[in-house]
Amino acid sequence: MTDPALLPARTLAGLYARRALSPVEALEAVLARIAALNPRLNAIIALDEAGARAAARASEARWRAGTPASPLDGVPLTVKDNITVAGLPCAWGSPLFRGFVPERDELPVARARAAGLVILGKTNVPEFTLQGYTDNAVHGVTRNPWDLALTPGGSSGGAVAAVAAGLGPLALGTDGGGSIRRPACHAGLVGLKPSIGRVPRCDGLPAILLDLEQIGPIARTTGDLAALLAILAPADARDLASRALPPFALPAAAPRQRVLYVPRFGDNPVDPEVAGSVAEAAARLGALGHAVEEGEAPFTTEELAAMFAPVSQAGLAWLLAEKGGEPTAPALREMAAAGRALSPQALFAAIDGIAGFRRRMAAFFGAWDLILTPAAAALPWPADQVAPETIAGQPVGPRGHAVFTNFANLGGLPGIALPCRPAASGLPIGFQLVGPAGADGVLCALAAEWETAEPWADRRPDLAGA
């Protein structure tokens, strides 16, 4: 049998159902792989072996009795370190939260636990999950399994590194400006930033990005991602946004879509290999029967920044005022200072601008069904470097690699990152599809169609033959 640690989540569950493999055996295979590889990757920064073994034994008993708690009962899962798990440390990448151990699971974790998933532990993040790489003063740098000298991106860098390396087939991440989609593309995975309310939230950390940040699933296959999303998605009265959406449903087949392909935003540069691979993906999607047309984005990066920056600055400044202390990252100290200097008029202008932008995007999706762009403008860069300094030979700022993603967060829209043709070096490349609010199921169905046409699950990083 293939190493159970390398099997997709639904394959594991199928083996459990046939009694060809037990959740205990699967967990031990994953734990062995963690022991062998995590010291080199630093993806998992708090491992709960005792709790995971107890959960696996309980799952094994349920499968033997024919009463699994869900279709993913017994499947290992990691949780990003800005999502609270009862009894496990939650440092949020900051010395200010070192030693914080929450007493409650955040709601998505509670749902995963109730569904029988085996919670392995916490994955690494940048400080306050506000940067696009993964390093911090508490747990150090996380490395990309495809090349240990490079970053997996951020802020869900530990989450994608774990899944890509076989340290658990599923992960919970968060996406406040692209923090699931960009790392997923850098690791050769599928990752979903859900619609606002699709994955209800409560009992978590302070929402310093308001509703721009959502919890979403990361997986090697679309089927695994959709199966986890189905567990997380039911509405909850404590999250009013969740009650405004129709129930999550996965269409039997992807409907034909009108797709606006936007290869670049304004004059922001894109790595040539990224641009070429995503252009091929757009053409291939058209060959699958979708109406794909190239055009320009219905917004500018300047107007996006004018809305996003005040919210992130004010959110961080507020958190620090409540907690006391300063971030260790110089860029975050600058962000906090900008937030403290921000006027109420500027903050509310940004919030009002976001509301108007959401109305504009709702109207846009009357003429189009989806937007297709690169998930990230650059290939992965050195692991201890905040961001690439140049892209396609042009100097860029710290968010130059991240220009394509935050419009979905500002618009409250679902977005999914999917692998396409890798770079000549073998490094993964991904594109994103963004749809109207509530279209999470359609995105998953289209992702499944893409995966059937252009499978990627067998592409794995070479980790010294492990």
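This is a predicted model: local features need pLDDT of at least 70, side-chain atom pairs count only at pLDDT 80 or more; totals for chains, interfaces and linings use all residues.
Residues are numbered from 1 along each chain as its sequence is written, and side-chain values use heavy atoms, leaving out hydrogens and water.

Although A392 is not a glycine, its phi is positive, about 55 degrees. A392 is partly exposed at 41% relative accessibility (buried is under 20% relative accessible area, exposed over 50%, partly exposed in between, with a 1.4 Å probe and protein chains only). L210, not a glycine either, has a positive phi of about 55 degrees. L210 belongs to the loop between β5 (190–193) and β6 (214–219), and its relative accessible area of 47% makes it partly exposed.

## A cis peptide bond

Most residues other than glycine have a negative phi, and most peptide bonds are trans. The bond joining G154 and S155 is cis, with omega about 10 degrees. S155 is located in the loop between β3 (118–123) and α5 (157–165).

## Where α9 meets α14

Helix α9 (residues 272–287) and helix α14 (residues 440–453) have axes that come within 11 Å and cross at roughly 100 degrees (axes are lines fitted to C-alpha atoms, for helices over the stretch in contact; angles run from 0 to 180 degrees between N-to-C directions). So α9 is roughly perpendicular to α14 (65 to 115 degrees).

Technical notes
Helices (H or I, at least four residues) and strands (E, at least two) are DSSP runs, numbered from the N terminus. Angles under 35 degrees count as roughly parallel, over 145 as roughly antiparallel, 65 to 115 as roughly perpendicular and the rest as oblique.
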